[in-house]
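Work through the exercises below with the sequence and the 3D view at hand. Try each task before reading its solution.

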Amino acid sequence: YEAPGRDAREVDVGAEGHLATLALDDDARIAATSGHAVLVGDPSGIRQEADAPFDLHCVALFRDATWVSSKAHGLFYVEDGRLMPKKPSLRAHTLLARHGVLVAASDLFVATSDDGFDFFTRDLAPFVRIAETRWPRFLQPEDPVSV
């Protein structure tokens, strides 16, 4: 990276090889993943914050914590150098934090949270059920549904 007034320099990401994901917040805090490693820092330097026993696929900085997700193992946050599970069933492919809201997405869902994670769903079944509902005011006399 290149800090103001400094030459660009290389940051060692460890034995994992290459950066897989990168996040930057408005305060210039940096979070990244490289294989199993969670890296955090600022323009003055980056350090390894945690290590996962599985590959990490996305990262975000949200509410003073580093959030990561794995396509196979779910949503986690980093606390005291350890990954803490938040929603193991939520396997986000993308995490994005903006204006106090965390957005998680995969090929099956898009979800947002600004006050917790109760809203997250693993599939679109609730939306499909709502779409398939035939509201009483739309039923025709010949419909086999009783109200």
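**Exercise 1: a serine side chain**

The side chain of S70 reaches the backbone nitrogen of H73 at 3.2 Å. The model is predicted, and local features need pLDDT of at least 70, side-chain atom pairs 80 or more, while totals for chains, interfaces and linings use all residues. Residues are numbered from 1 along each chain as its sequence is written, and side-chain values use heavy atoms, without hydrogens and water.

Task: find where S70 lies and state whether S70 is buried or exposed.

Solution.
1. S70 is part of strand β6, residues 65-70 (a strand is a DSSP run of E, at least two residues, numbered from the N terminus).
2. S70 has 1% relative accessibility, so S70 counts as buried (buried means under 20% relative accessible area, with a 1.4 Å probe and protein chains only).
3. A polar atom of the S70 side chain also lies 3.1 Å from the backbone oxygen of D55.
4. Leaving aside neighbours within four places in sequence, S70 is in contact (heavy atoms within 4.5 Å) with F54, D55, H57, R91 and A92.

**Exercise 2: a ring pair**

Task: classify the pair of rings of F54 and F76.

Solution.
1. The whole structure holds 3 aromatic pairs (Phe, Tyr or six-membered Trp rings with centres within 6.5 Å; planes under 30 degrees apart are stacked, over 60 edge-to-face, the rest tilted).
2. The F54 and F76 ring centres are 5.3 Å apart and the planes stand at 40°, so this pair is tilted.
3. F54 is in the loop between β4 (45-51) and β5, and F76 is in strand β7, so the pair ties together parts 22 residues apart in sequence.
4. F54 and F76 are both buried.

Key:
Helix = DSSP H or I, 4+ residues; strand = E, 2+ residues; numbered from the N terminus. Buried < 20%, exposed > 50% of the residue type's maximum accessible area, 1.4 Å probe, protein only. Polar contact = N/O pair within 3.5 Å; in protein donor to acceptor, adjacent residues only side chain to side chain.
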